Amino acid sequence: MNEIMDLQLYQLLAAYIFILILLAIVRLRNLDHEREIIIATIRMTIQLVLVGYLLNYVFDQNNYLFTLLIIIIMESFAIYNIYQRVTGKINTNLKLVIAVAMLSGTLISIFFFLVVVINLKPWYYSRYFIPISGMLIGNSMTGISLGVQRLISGIKEQQDQIRAALMLGVTPERATEKIVNQAFSSAILPTINSMMGMGIVFLPGMMTGQILSGVSPLVAIRYQIAIMMGITGSVSLTIIIFIHLGYKTFFNDRAQLDIEN
Amino acid sequence: MFFLQDVKYKDVLDISYLELSEQEVVCIVGPSGGGKTTLLKLLNNLISVDQGRVLYHDKDVEEWDPIELRRKVVMVSQQPITFTASIGEELKVGFDLTDQEVPKQEKIVELLKRMQIDKDLSTDIDQLSGGEKQRLALARSLLLNPEVLLLDEPSSALDRVTEQKVIEQLVNYAAENGITLIMVTHSLIISQKYCTKIIKIKDGEIAG
């Protein structure tokens with residue numbers, strides 16, 4: 001049997017029992033999250049149903065305009081999500097840097113991965129293009145969020161030290177070197193850690209999906225290895241672009257620390 | 001050397017005219033919150049004036065490359081800030097961060113002695129008292145051999161006896177090496193004994 005077993009609607013409904021159990025526990029224990037659980041479940045269901053129909057339509061059309069439109073929407077949501085996730089104020093220039101880093105970092109990686117590694121034909125073949133882009137954009141978004149958070153809090157917490165260095169004639173680049181390196185590490189570490197545990201601690205989603213749909217595990221791991229490289233590349237490229245430009249937004253053209261802007 | 005004209009910075013500082021010459025030991029005195037530190041920061045271009053001009057060697061500080069200016073006009077904040085783990089590393093870090101050649105070991109050790117730090121170069125910075133850290137920061141900035149050294153209360157964490165010794169060494173070292181000293185101080189003894197020029201700043205204005 002090499003075909004995926006179709007899930008009937010009544011079977012799907014049975015899966016919601018898990019949520020009912022959770023709700024019962026929450027109510028019994030007087031925990032506060034009842035509303036959120038219900039909203040999250042409903043949102044997840046509606047969002048996925050819509051995406052299912054949308055992707056079905058887009059895959060049928062297989063038009064490069066649709067593919068590009070979806071990439072633009074994904075990128076926009078990812079960038080917006082980063083702005084929302086980071087606690088504390090992000091200055092306008094830093095927002096711009098985040099957008100530039102996300103767009104250039106992920107798009108370069110996506111095209112390299114699809115055109116050179118996968119050798120996708122046609123290049124916009126949406127059944128590959130969209131999910132793979134989603135993985136690269138999603139992981140880069142998580143990485144850059146951590147990097148942004150670390151950079152902002154690092155500069156804020158160590159502003160006296162940065163000023164003391166500037167007073168000696170140290171350039172902003174050297175004065176923030178340590179903080180920038182920490183931001184880079186915190187952005188890239190989750191990706192490296194997930195590579196460490198992959199295959200032993202957990203089976204990655206893409207590989208699981210392929211195996212469930214009847215693909216040989218040997219083919220599935222090949223894709224999984226390739227996509228992990230793609231993700232690592234995309235996260236690194238995005239965060240490198242981000243930190244190279246990001247620290248500069250905390251200084252004015254007189255090399256003065258300017259964190260109220 | 002420094003020339004200030006019609007300088008205004010927020011509601012903090014309002015100086016119509018001020019001239020500071022080379023090779024002097026200038027003391028800036030006055031009540032807390034009067035704008036003394038702000039004046040130092042303006043000279044170091046760590047902040048910029050809202051109005052008026054600050055000239056260094058006849059050139060507006062805003063036209064200097066800020067990094068180049070700050071390497072000639074080094075400032076040390078009141079709270080001593082350290083960047084490394086040991087005394088030895090700390091004395092070299094200024095050179096490392098500004099990509100300059102580290103001076104010879106003897107010079108480093110000599111300066112450490114003159115700043116009254118009787119400790120080994122390998123000593124952990126965490127083991128130093130506030131006063132020792134302050135003197136370490138002084139030694140670090142003197143080693144950089146700037147044209148001007150701006151010091152914000154360089155002896156605030158020192159006892160009377162140490163204060164005298166350190167400031168005397170500081171003034172002598174500056175004279176030997178052609179460094180102009182401009183320091184904010186609350187100490188009457190220092191301003192009377194060592195300063196060649198005293199500027200009193202009150203409520204952001206020069207009061208004498």
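B:I28 stands opposite B:V184 in β8(B). This is a predicted model, in which local features need pLDDT of at least 70 and side-chain atom pairs count only at pLDDT 80 or more, while totals for chains, interfaces and linings use all residues. Residues are numbered from 1 along each chain as its sequence is written, and chains are lettered from A and ligands numbered from 1 in the order in which they are written.

Strand β3 of chain B is joined to β8(B) by four bridges, and strand β7 of chain B by five. Strands count as paired if DSSP finds at least two bridges between them.

| Strand paired with β8(B) | Residues | Bridges | Direction |
|---|---|---|---|
| β3(B) | 25–29 | four | parallel |
| β7(B) | 148–152 | five | parallel |

From β7(B) the chain passes through helix α6 (residues 160–177) of chain B to β8(B), a right-handed β-α-β crossover. Right-handed means that, with the strands pointing away from the viewer, the path from the first strand over the helix to the second runs clockwise. Helices (H or I, at least four residues) and strands (E, at least two) are DSSP runs, numbered from the N terminus.

Five of the five residues of β8(B) (residues 180–184) are buried, so the strand is largely enclosed by the rest of the structure. A residue is buried if 20 or more other C-beta atoms lie within 10 Å of its own, exposed if 12 or fewer, and partly exposed in between, with C-beta atoms placed from the backbone. In a regular strand the side chains alternate between the two faces of the sheet. In β8(B), buried B:T180, B:I182 and B:V184 lie on one side, and buried B:L181 and B:M183 on the other.

Chain B as a whole has seven helices and 10 strands. Of its 208 residues, 40% are buried. The radius of gyration of chain B, 17 Å, agrees with the value near 17 Å for a compact globule of 208 residues; the radius is taken over C-alpha atoms, and the globule rule is 2.2 Å times the number of residues to the power 0.38. Along the principal axes, the C-alpha atoms of chain B fill a box of roughly 50 × 35 × 30 Å. Among contacts in chain B with a separation of 6 or more, 74% are between residues 24 or more positions apart; a contact requires C-beta atoms, placed from the backbone, within 7 Å.

Key:
Contact = placed C-beta atoms within 7 Å.
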